[in-house]
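Me: Hey, I'm new to this one. Can you walk me through it?

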Amino acid sequence: MMQDENWAEFLSESPILIDCRNAKELQENGSIKGALHFPFALGNAAELATEQIKDKTKPILVFCAVGGRANKLKNQLISAGFQHVRNAGGYPDIAPLLSS
């Protein structure tokens, strides 16, 4: 997912980060400081995002372990009215970009 040439520009907009991995994945593999944690498996990740993120024009970057759940959540957030949502793919893809 991170091959998109506009990633540097999108990241420069300080997007809201949403990690939709489960708690065990966070514990085993680490997390990104400042990322919101809405586990997709609980079934209410989009609802939690809608409750906590009031400005639907803010850029949002969603990630999980590989990218599948993040893509589903991205689509749910777009359906909920969020305007700038991107799927970063998996934690191993996005973590190095945000820690450099």
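Reply: One term before we start: a residue is called buried when its relative accessible area is under 20%. Keep in mind that this is a predicted model. With that cut-off, strand β3 is mostly covered, since 6 of its 6 residues are buried.

Me: What sits on each side of β3?

Reply: Pro-59, Leu-61 and Phe-63 lie on one side, while Ile-60, Val-62 and Cys-64 lie on the other. Those residues are all buried, and both faces of the strand are covered.

Me: How many bridges join β3 to β1, and how many to β4?

Reply: There are 4 bridges between β1 and β3, and 6 between β3 and β4 (residues 84-90). For some landmarks, look for Ile-16 opposite Ile-60 in β3, and for Pro-59 with its bridge partner His-84 in β4.

Me: How does the chain get from β3 to β4?

Reply: By way of helix α4, in a β-α-β crossover that is right-handed.

Me: Switching to the inside. Which residues have the most contacts in the largest nonpolar core?

Reply: Ile-18, Cys-20, Ile-53, Ile-60, Val-62, Leu-73 and Leu-77, in a core of 17 residues. At least two residues of this core come from each of β1 (16-19), α3 (45-52), β3 and α4 (68-79).

Me: Pick Leu-73. What does that one touch?

Reply: Leaving out residues up to four places away in sequence, Leu-73 touches Ile-18, Cys-20, Phe-40, Ala-45, Ala-46 and Val-62. Another core, of 10 residues, lies apart from the largest one, and includes Trp-7, Phe-10, Tyr-91 and Ile-94.

Me: Now rings. How many aromatic pairs turn up?

Reply: A search of the whole structure gives 1. The pair is Phe-63 and Tyr-91, with ring centres 6.4 Å apart and planes at 35 degrees, so it counts as tilted. Planes under 30 degrees apart would be stacked, and over 60 edge-to-face. Phe-63 is in β3 and Tyr-91 in helix α5 (residues 91-99), 28 residues apart, so the pair links distant parts of the chain.

Me: Is Tyr-91 buried or exposed?

Reply: Buried, because its relative accessible area is 15%, which is under the 20% cut-off. For Phe-63 the value is 0%.

Me: And which charged ends sit over rings?

Reply: Among them, the end of Lys-56 sits over Phe-82, 5.3 Å from the ring centre. Arg-86 has its charged end over the ring of Phe-10, 4.9 Å from the centre.

Me: Last one: what's going on with phi of Ser-14?

Reply: Phi there is near 50 degrees, a positive value in a residue other than glycine. Ser-14 belongs to the loop between α1 (7-12) and β1, and it is exposed, with a relative accessible area of 60%.

Methods. Residues numbered from 1 in each chain as written. Predicted model: local features only at pLDDT ≥ 70, side-chain atom pairs only at ≥ 80, totals over all residues. Heavy atoms only, no water. Phe/Tyr/Trp six-rings, centres within 6.5 Å; stacked < 30°, edge-to-face > 60°. Buried < 20%, exposed > 50% of the residue type's maximum accessible area, 1.4 Å probe, protein only. Lys NZ or Arg CZ within 6 Å of the ring centre and 35° of its normal. Core = buried A, V, L, I, M, F, W, Y, C linked by side-chain atoms within 4.5 Å. Contact = heavy atoms within 4.5 Å. Pairing = 2+ DSSP bridges. Right-handed = clockwise from strand over helix to strand, strands pointing away.
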